[in-house]
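Q: I am new to this structure. Please show me how to read some of its features.

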Amino acid sequence: MRTTNVHDQVLRAALDLFASQGYATTSVQQIVAAAGVTKGAMYHYFASKDDLLFAIYERMLSLQKARLDQLVAAGDERGDDVEQVLRAVCEDVVTTSIELLAEGTVFTRSQHMLAPERQAEVKRRRRAYHDDFQALLERGIKEGVFRDDVPTAVLIAHFFSDVHYLPQWYSPAGPETTAQLAEQLTELFLRGIRSTGHSSRKD
């Protein structure tokens with residue numbers, strides 16, 4: 001076993017165990033046994049289970065924020081309209097949430113078990129993502145593309161309620177592919193927020 005893989009092996013083992021049997025009932029001994037490493041090797045990278053739980057969240061939040069930034073920048077560079085940019089962002093967050101379904105399961109079940117300072121950091125990171133998402137909505141409202149009779153906070157909650165509950169109802173064995181589901185959820189959301197008389201402009 002290569003030392004450079006210990007970090008990822010421990011994190012993967014913790015993720016699998018937290019998702020399958022819960023954070024509270026998973027012991028450090030179970031994690032290191034599943035990872036095939038010693039406790040000393042684990043503690044070189046993670047001081048506690050709390051560190052592992054936060055690292056799982058951090059990976060998901062960092063990836064989705066980086067993807068949002070990339071999609072907005074690329075859309076602006078191409079001159080896409082705001083709905084095209086928001087469509088790309090929505091489809092991406094559904095897709096990455098499915099790809100990181102185990103992380104989402106752990107996030108939903110266990111985030112309240114993080115230490116208070118870590119919970120505050122998770123909240124701050126999620127707020128940063130939502131602020132950028134909200135900026136797209138506000139831009140669309142200003143341009144007359146999206147409806148202005150519903151607060152943006154409600155529109156955001158409407159979309160992300162579906163995303164956050166994916167671990168509760170989504171099954172990879174279902175009839176839709178990831179791309180199809182991402183497109184369907186996104187189109188349902190966009191239909192609900194378009195201003196009267198504005199038509200969709202898909203790529």
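A: This is a predicted model, in which local features need pLDDT of at least 70, side-chain atom pairs count only at pLDDT 80 or more, and totals for chains, interfaces and linings use all residues. Residues are numbered from 1 along each chain as its sequence is written, and side-chain values use heavy atoms, with hydrogens and water left out.

Q: Where is the place of D80?
A: Helices (H or I, at least four residues) and strands (E, at least two) are DSSP runs, numbered from the N terminus. D80 is in the loop between α4 (49-78) and α5 (82-99).

Q: Is D80 buried or exposed?
A: Buried means under 20% relative accessible area, exposed over 50%, and partly exposed in between (1.4 Å probe, protein chains only). D80 has a relative accessible area of 14%, so D80 is buried.

Q: Which residues is D80 in contact with, leaving aside its neighbours within four places in sequence?
A: Contact means heavy atoms within 4.5 Å. On that basis D80 touches G75, V85 and R139.

Q: What should helix α1 span?
A: The expected span of a helix is 1.5 Å times one less than its number of residues. For the 16 residues of α1 (residues 6-21) that should be 22 Å, and the end C-alpha atoms are 22 Å apart, which agrees.

Q: Which residues of α1 are buried?
A: Among them are V6, V10, L11, A14 and F18. An α-helix has 3.6 residues a turn, so residues three or four places apart point the same way. The buried residues of α1 pack against α2 (28-35), α3 (39-45), α4 and α6 (101-110).

Q: What follows α1?
A: G22 does, and its phi is positive, near 100°.
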